[in-house]
Amino acid sequence: MRTRSVLDRQTIVVIGFLAGAAMLVPIFNGLVAQDSALHVPDHLVPLLGKYLCFALLALSVDLIWGFCGILSLGHGAFFALGGYAMGMYLMRQVGSRGVYAHPVLPDFMVFLNWQELPWFWYGSDIFPIAVLMVVLAPGILALAFGWFAFRSRVTGVYLSIITQAMTFALMLAFFRNDMGFGGNNGLTDFKDILGFPLQAGSTRLVLFVVSAIALGLGYLLCRWLVESKFGKVLVAIRDAENRTRFLGYRVERYKLTVFIISAMLAGLAGALYVPQVGIINPGEFAPENSIEIVIWVAVGGRGTLAGAILGALVVNAGKTWFTGALPEFWLFALGGLFVFVTLLMPRGILGTGQELWDRMRQRSQLHQAAPATSQAAE
Amino acid sequence: MTAPITPALLYLDNITVTFDGFRALNALSLAVDHAEMRAIIGPNGAGKTTMMDVITGKTRPNQGTALFEGSHDLTALDEAAIAELGIGRKFQTPTVFEMHSVEDNLLLASRSRRGPFSTLFARQTPRERERMDMLLDRVRLTAHRRRKAGELSHGQKQWLEIGMLLAQEPKLLLIDEPAAGMTDQETADTVDLLRDIATTKAVIVVEHDMTFVRDLGVKVTCLHEGSVLAEGPLDAVSANERVVEVYLGR
């Protein structure tokens, strides 16, 4: 029962933090005077929103890696697919305001001399369909990939390598112009979302708040999953896969289910990311992006959910500062951080913090118990 | 050729398993009845573990028949399906879920629907909780129910694993070296527990410890080089010249 109350406290902290951010950032941006130290400048709002998207992405990786032992080094692919699904919608919203002023075709298609919209762009101008694609596209890829990988009992480092190959293959495919997604340049020059201009401060604030809400709901979903009996089976698979199988659980079905849920969360993160950064291109599929996600989770604390959020925020804030101050050293710092965490803090910031806290509590309990026994002796 | 219908609960006939030319099982035949306890002995490499692997679906035999309840073909089913039929297995080294509490270990093992969607919405019923209490009591872990399984002693883990087996409500239990690493008292208690279980379920015990096998007092099958060397009461088996030869070296 004790662990349960600790977890609940964690949920309160996470939700409280996100609710606070969703309320305070708009206040400090809009209502606090510009020269005040508390003022959140306009350019910071989408940056913070981007961090929240990365946090949701990290959460999706923690769900499969931390709780089911599936180390995906290709989760950036699901993020990018979600991003592309949203990018297609935003592209269609441009309409005749594009450089070539074509009423239907996005600029890059006009430039490539395409006469009509490819079939997979149909319906992308309808927001509900776009939202559906945001979760369906990554979900279907995860289903196809996971079906073969998990049924063939590919595990461990081999699975990691083929996830990496998957995202690399997608990157190469999306680089090609005839793939139909803008090739090298990807999708960009967005104008508005649901009729609201993307450059406007208010739209950016709303996107920030929506990101915070999505992260909060994503966290609650993951928390619910890992605390159900389903989640206990996941941990059982992580720790003793064969044993779980001999208990009668079809391990591959569990892995597939959680992999799809995770891919959908990653897709959602990508969809929220794209309107805030204003571009999606094949670079998002790059293998190193996917590895970075794993580092966020490892730094924050694998298998804790809140740790993934914390790790994503801390590492990305560090990255923003570093790439501004010492751009050449960022990759060294990131690599060094990963080595440091793996060697000295294998449980990440949150896990190590929890350990210290437990030890302190134990010590204080001992201190409390000691006088009681000495009194009893008298 | 149709499979012979047999009254035996477990029926293995002419099972052969080869790994890269090495015959781990060589035309092995064995039948175990309902509510029978059988001890399997044999030197290292006799094929005891491979036999368990065949019964639980981990290894597919190259040839032979393996029937459960006279009609289920074990060679055509996967591990999960065989577990659901009612065959539970305890491994040689205790493999419990170390990060889960003792109670959750039993809960995961307990007989219930195994699909992802069933477990997602599963709720513990009062009847299940009652059963948990009973099981915890039976394997003497009531006081440890909330502890992580990883914190238990070796003997306790062995018992927890037996408890997990029972929670599955199998018809046949395969138990690999239950007494390994146990104190004398724990070993004696384990004998009692297994004899108690065998009053209602079939149990196959693989064991090296001869005193333990003697205490069980059941029919013994001695394996050697993948086939049955001798079968019968322990005294008869241990008096068998070939058995003595195999055990004492050629």
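Helix α6 of chain B, which covers residues 154–167, comprises 14 residues and spans 20 Å from its first C-alpha to its last, close to the 20 Å expected at 1.5 Å a residue, where the expected span is 1.5 Å times one less than the number of residues. The structure is a predicted model, in which local features need pLDDT of at least 70 and side-chain atom pairs count only at pLDDT 80 or more, whereas totals for chains, interfaces and linings use all residues. Residues are numbered from 1 along each chain as its sequence is written, and chains are lettered from A and ligands numbered from 1 in the order in which they are written. Helices (H or I, at least four residues) and strands (E, at least two) are DSSP runs, numbered from the N terminus.

Of the 14 residues of α6(B), 12 are buried, so the helix is largely enclosed by the rest of the structure; a residue is called buried if 20 or more other C-beta atoms lie within 10 Å of its own, exposed if 12 or fewer, and partly exposed in between, with C-beta atoms placed from the backbone. Among the buried residues of α6(B) are Trp159(B), Leu160(B), Ile162(B) and Met164(B), and also Lys157(B) and Glu161(B). The cover over the buried residues of α6(B) includes β6 (87–90), α3 (102–109), α5 (126–138), β7 (172–176) and α7 (184–197) of chain B. After α6(B) comes Glu169(B), which has a positive phi near 50°.

Helix α3(B) is itself mostly covered, since eight of its eight residues are buried, including Val102(B), Glu103(B), Asp104(B) and Leu108(B). Its buried residues are covered by elements that include α8 of chain A together with α5 and α6 of chain B. Between the two chains, 19 residues of chain A are in contact with 21 residues of chain B, contact being defined by C-beta atoms, placed from the backbone, that lie within 7 Å. On the side of chain A that touches chain B, α8 (229–239), α9 (241–246) and α10 (251–277) of chain A each supply at least two residues, and α8(A) gives the most, with seven residues. By class, this side of chain A has nine nonpolar, three polar and seven charged residues, where Ala, Val, Leu, Ile, Met, Phe, Trp, Tyr, Cys and Pro count as nonpolar, Asp, Glu, Lys and Arg as charged, and the others, Gly among them, as polar.

Chain B as a whole contains 10 helices and 10 strands. Its radius of gyration is 19 Å, close to the 18 Å that the globule rule gives for 250 residues, so chain B is as compact as a globular protein of that length; the radius is taken over C-alpha atoms, and the rule is 2.2 Å times the number of residues to the power 0.38. Buried residues account for 42% of the 250 residues in chain B.

Six strands of chain B form an open sheet of mixed pairing, in the order β6-β7-β8-β3-β9-β10, two strands being paired if DSSP finds at least two bridges between them. At the edges stand β6 and β10 of chain B, each with a single partner strand, so one side of each is left without a neighbour in the sheet. The twist averages 20° from one strand to the next, with axes fitted as lines to C-alpha atoms, for helices over the stretch in contact, and angles running from 0 to 180 degrees between N-to-C directions. Strands β9(B) and β10(B) run antiparallel and are joined by five bridges, and His224(B) stands opposite Ser227(B) in β10(B). In the loop between β9 (219–224) and β10 (227–232) of chain B lies Glu225(B), a residue other than glycine with a positive phi near 45°. Helix α10 of chain B (residues 241–248) lies across β9 and β10 of chain B, at about 125° to β10(B).

A further open sheet of chain B is formed by four strands in the order β2-β1-β4-β5, with antiparallel pairing. Strand β1 of chain B (residues 10–19) pairs with β2(B) over seven bridges, and Leu10(B) stands opposite Val32(B) in β2(B). Asn14(B), also found in strand β1 of chain B, has a positive phi near 60° and counts as partly exposed, with 15 C-beta neighbours inside 10 Å.
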